[in-house]
Amino acid sequence: MNPPGRPGSPATALVDRVRNRLAATGAPVCPSAVSPSAVADAVRAESDGVLADLQVLAAMRELQQELVGAGPLEPLLTDPETTDVLVSGPDQVWVEQGGELRRTDVRFADAEAVRRLAQRLALAAGRRLDDASPFVDAPLPGGVRLHAVLPPIAGCCTCISLRVLRPARHGLDALEGTGSVPAEAGALLRAIVATRLAFLVVGGTGSGKTTLLAALLGCVPASERIVCVEEAAELAPGHPHVVRLTTRQPNIEGAGEVTLRELVRQALRMRPDRLVVGEVRGAEVCELLAALNTGHDGGAGTLHANSPVEVPARLEALAALGGMPRHALHSQLAAAVHVVLHVVRREGMRRLAAVGVLERDGDLVRILPAWQEGRWGPGQQQLRDLLEARGGGMPW
């Protein structure tokens, strides 16, 4: 006998009939609007007393998983240790916790069940996912970012990637306590924030860029107003005056989009003492650099880059999206950004690896190491000069 809820079982056949009945009766397409009583009535009507109670209960559980939250993935997403949940097949569900990716025991009934979940999540995000639009990238309610790709682009089964965007709330003291920020580097970071030097936090995916940025924003004086612009609300600094603007994806008809570039422009009209872009990943770099060059000092942001020396080239590529020539980008960058903070993740541990300063090299800009892995570099004196020029100084 097939176990309840598996392909070919009576319970699975019942689930299909109940699903069709709900659709035929005009049940709301929004999963949260389908009441438990409506599901129960449909189950009773379709089972007609033929199935045993345990089979009916199994069908109810399977339907609940399909109609509520992220279905069988919900327990993984609610685990506070989870950062990513990845589905590449009905019996291939992976979870990343504590920096380690492992396969789970979670199973879907079949490939069609994975597809239905992806389409339902896309609908919850106000996006479409079908053969005409076979992939989606959108934020979900509750702080989860959805990416999904349908077959045949994704092979034989829909691929789902869910990233849990937990608000970064750790203070700098906490990061020093865990070893993510060495004590001597912590004093240097406080001096950078206090003297209003503009900085970028750079690193790879999941390296802790947002966590460090939020910790540094918590060091900003309480009398200052911080305006944060993000694609998803991840920054939650311990500061009393933070205004947060988040982008909006276009709806199913392709209308209503609000881009990061537009939000940076709006933020400049909101009297920011510190303008922060959660992640610089497109043409908005043009507006950000322009703002930092017109009196909005002390700004900050994060940037995907594997090392500090790659930062100028990375910004060149992004500025080209906004129509800014290479020489103009380097000229603006040299005047707008002072410090680059590089974070890495090794063996599950996220930590600050280097502090660099920007230096002109002819018509271009390069990153000069000032502190790296506990040692001073050739940019130490330039960093000292920057701090002293703003009334500060090296903390030791």
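Modeller: Start with helix 5, residues 111–124. Helices (H or I, at least four residues) and strands (E, at least two) are DSSP runs, numbered from the N terminus. This is a predicted model, in which local features need pLDDT of at least 70, side-chain atom pairs count only at pLDDT 80 or more, and totals for chains, interfaces and linings use all residues. Residues are numbered from 1 along each chain as its sequence is written, and side-chain values use heavy atoms, with hydrogens and water left out.

Biologist: How do you know that the span of helix 5 agrees with its 14 residues?

Modeller: The expected span is 1.5 Å times one less than the number of residues. For helix 5 that should give 20 Å. The end C-alpha atoms are 20 Å apart, so the two agree.

Biologist: Why is Arg196 called buried?

Modeller: Buried means under 20% relative accessible area, exposed over 50%, and partly exposed in between (1.4 Å probe, protein chains only). Arg196 has 18%, so it is buried. Its phi is also positive, near 65°, in a residue other than glycine. Arg196 sits in the loop between helix 7 (183–194) and strand 7 (199–203).

Biologist: And Arg271, buried or exposed?

Modeller: Exposed, because its relative accessibility is 56%. Arg271 is in the loop between helix 9 (260–267) and strand 10 (274–277). Its phi is positive too, about 50°, although it is not a glycine.

Biologist: What makes Glu224 and Arg196 a salt bridge?

Modeller: The rule asks for a side-chain nitrogen of Lys or Arg within 4 Å of a carboxyl oxygen of Asp or Glu. Here the N to O distance is 2.7 Å, and the side chains meet in a salt bridge. The pair links distant parts of the chain, 28 residues apart. Both residues are buried.

Biologist: How many salt bridges does the rule give?

Modeller: The count comes to 20. One of them joins Asp173 and Arg190, at 2.5 Å from N to O. Asp173 lies in helix 6 (residues 172–178) and Arg190 in helix 7, so the pair ties together parts 17 residues apart in sequence.

Biologist: What makes Asp297 and Arg390 a salt bridge?

Modeller: Their closest N and O atoms are 3.4 Å apart, and the pair passes the rule. The partners are 93 residues apart. Asp297 is partly exposed, because its relative accessible area is 26%. Arg390 is partly exposed as well, because its value is 34%. Arg196, Glu224, Arg274, Asp297 and Arg390 are linked in a network of salt bridges.

Biologist: Why is His338 called buried?

Modeller: Its relative accessibility is 14%, so His338 counts as buried. The residue lies in the loop between helix 12 (326–336) and strand 12 (339–346).

Biologist: Which residues is His338 in contact with?

Modeller: Contact means heavy atoms within 4.5 Å. Leaving aside neighbours within four places in sequence, the list for His338 includes Leu197, Ala198, Leu386 and Arg390. A polar atom of the His338 side chain lies 2.9 Å from the backbone nitrogen of Ala198.

Biologist: What makes a set of residues a nonpolar core?

Modeller: They are buried Ala, Val, Leu, Ile, Met, Phe, Trp, Tyr and Cys residues, joined through side-chain atoms within 4.5 Å. The largest core has 36 residues, and among those with the most contacts inside it are Phe199, Leu341 and Leu352. Apart from it lies another core of 35 residues, including Leu200 and Met324.

Conventions
Polar contact = N/O pair within 3.5 Å; in protein donor to acceptor, adjacent residues only side chain to side chain.
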